[in-house]
Amino acid sequence: MQLLFGVAGRSSRAPSVFASLMRWTGDSNPGVNPTISSEAGLLIGRVARSFGTWRSGDGSLSVWLDGRVDAIDGRETGNHGTSEGDLAAIAELHRTLGSRLWERLEGSFCLIVRDGESVTIGVDVAGTRGVYWYVHDGLLAFHTHLLDLVPSYPAPLAEDLGAIGTYLASGSYLRAITPFRAVRRLAGGEYVELRDGRADAHRHFTFAFDGARRGASAEVLADELGDLASTSIRRAWRSARAPIVPLSGGLDSRYLAAEIATVAGPDTIRTITWGEQRERPGSDGVIAPLVAATIGAENVWHERAQRHTSGTVSRRLYLSSGEGSGHADAPVDHLLHEGLAEQGFESMFRGDHQMGQAKAMLTGWGLLAGAGIVRLAHDDGYAGVLDPELVARFSDAQDEAVERALSVLVSPTATGRLHELRHEVQFNRQLAASNVVKHADLEVYVPLLDRALVEWVRHTPDALRAEKRLLALAFRRRFPALADIPFATRTNLPDWERRWQEDPRPADFFAALCEEPGWLSTIGAQERVVEAFRRLAADARARAARRAGEGSADPPTSERPVSGGAVARLRDAGKRSLAGRLAREWTLERRSIGSTALHSRLTRLATLHVLLGKVEARRALDASAADSDAVPATT
């Protein structure tokens, strides 16, 4: 994991708040000893492989870099931008450009600049080093992990009902918000500035589309994309140490691996594929070795069954701060990062990008659903589990939060607004939780998310950006032999829908988790949620018994449905017609409401139960410690 935390501002509370951050960071990470740095108005703790500091001669200006700055104003840096000269160049850009500094930096970083009494914290556009933060009485506190930050808040703490409502309905949060009103997340492309005791967050990047390249041909744009990607990958590969490339049977990682082989030579690449049951026909485990062999790279399979244990789920919840669903769907993936670091790998390359995955839209009818947002007011899936009046309060607050999110969209087309909103929600919250550094000795590279590339994407036509069409075209033009290898039709991850139906262990695990003290008891729902999990477990046992009696006790597998044949082609053609597209958008929100499985709703409640419960328990301990310190010593 990467850890960065601290306090800024001249406040008498600074030492006690920083002590709380230290305490809970140590509790969450036994055996880890953060490095502590301090100067006037700033205390910083960190655990990071790449970190640099710089101070002006008179001490009025200082720069703190956590992570990597790969280029400054187009000039490539050395040693991840942590050298004296590179940090001095960043300081000079701050002096001359102020808030436009961020536009001149490429990399994966959290950058802190202290200028006199003001302190600014900013993160790159990918947000892989985003931080949570709050300000209280002129004191700005921040931490990479929500669970370690929130207990230090030095005042009564209110829950954000709109954030909780959005999470219950959609499984993610809107930009910047957290389950606590006072605590925010510094998302990709943002900075927060503390000045005169007041902290304000601003954007230095907005994923809004202007269609400036609407007249360019697809081939020209595909070649431009390939050139930009090649430049970014070459720069990242040159700075990486002991890298490894995760490889699936899909498009994204295939494109990344092929580009790396082109710029670095295939004999320098080691790829890894992981999951369950490598030999599943048509799965990532079968297709990835074919891709690796075609580019001349090594591919290693890592068998990793996804099983819920108190240790793995707790750790994944901590690392992700409860964002997304990784702790429920991939509870052991962080162990892979630890294992790779132990084997000597120091860098991991991921193929995440912003080339557009959603379908193009004709109208705004299905905008929310297309971005993965469901309105809780339209969803009765929590009936019988949560009190109706409480659900109404969550849904009313969520409606207000959703309207605020919609009001800041500026793209002129429906497809542009969809991609802009998906960036706000799915990219800045769900994907960021996957890309966050999970081990201090394993750096994460996402070269297809460099600022220059993401800025360029903003100018591309809607039709080419949707459904990865431009990325697919660029890939086919550059690597036709690889493009002819079929994509995987199955994953090597569990089919959780089927596993929850036929394996009682997930439900038993989460039932036991929810029986512990936590948030559900404060809203009067603990007993009902536990009982709902127990019913899922009982149903799964009954189905497993029937399967065993029928002589089919094989574990459930995962499969992506594959369409084919004349009927499927006719059906797809109908969906692509104007009438079909309009019908799809008109019904998209209604169809999305009933698409969430009961176990997904229940695990969202379990996530809040654990996360908010741990926060409250830690706050109680902090308060108890403060009271003890306030009692005069007696003899």
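Analyst: In this predicted model, Glu-467 is partly exposed, with a relative accessible area of 34%, because that value falls between the limits for buried (under 20%) and exposed (over 50%), found with a 1.4 Å probe on protein chains only. Residues are numbered from 1 along each chain as its sequence is written. Local features need pLDDT of at least 70 and side-chain atom pairs pLDDT 80 or more, while totals for chains, interfaces and linings use all residues, and side-chain values use heavy atoms, without hydrogens or water.

The partner of Glu-467 is Lys-359, and their side chains meet in a salt bridge with N and O 3.4 Å apart; the term requires a side-chain nitrogen of Lys or Arg within 4 Å of a carboxyl oxygen of Asp or Glu. Lys-359 sits in the loop between β17 (347-349) and α11 (367-370), whereas Glu-467 sits in the loop between α15 (462-465) and α16 (469-478), so this pair ties together parts that are 108 residues apart in sequence.

Elsewhere, salt bridges that share partners join Asp-66, Arg-68, Asp-70, Arg-129 and Glu-443 into one network. One of the links is the salt bridge between Asp-70 and Arg-68, whose closest N and O atoms are 3.1 Å apart. On the question of burial, Asp-70 counts as buried at 5% relative accessibility, and Arg-68 is buried as well, with a relative accessible area of 3%.

A further example is the pair Arg-307 and Glu-276, whose side chains meet in a salt bridge with an N to O distance of 4.0 Å. Arg-307 belongs to the loop between β16 (298-303) and α8 (310-320), and Glu-276 to the loop between β15 (270-275) and α7 (284-295), so the pair ties together parts that are 31 residues apart in sequence. In this pair the two ends fall into separate classes: Arg-307 is partly exposed, with a relative accessible area of 34%, whereas Glu-276 is buried, with a relative accessible area of 5%.

To place these examples in context, the structure holds 48 salt bridges, among them the pairs Lys-359 with Glu-467, Asp-70 with Arg-68 and Arg-307 with Glu-276.

Technical notes: Helices (H or I, at least four residues) and strands (E, at least two) are DSSP runs, numbered from the N terminus.
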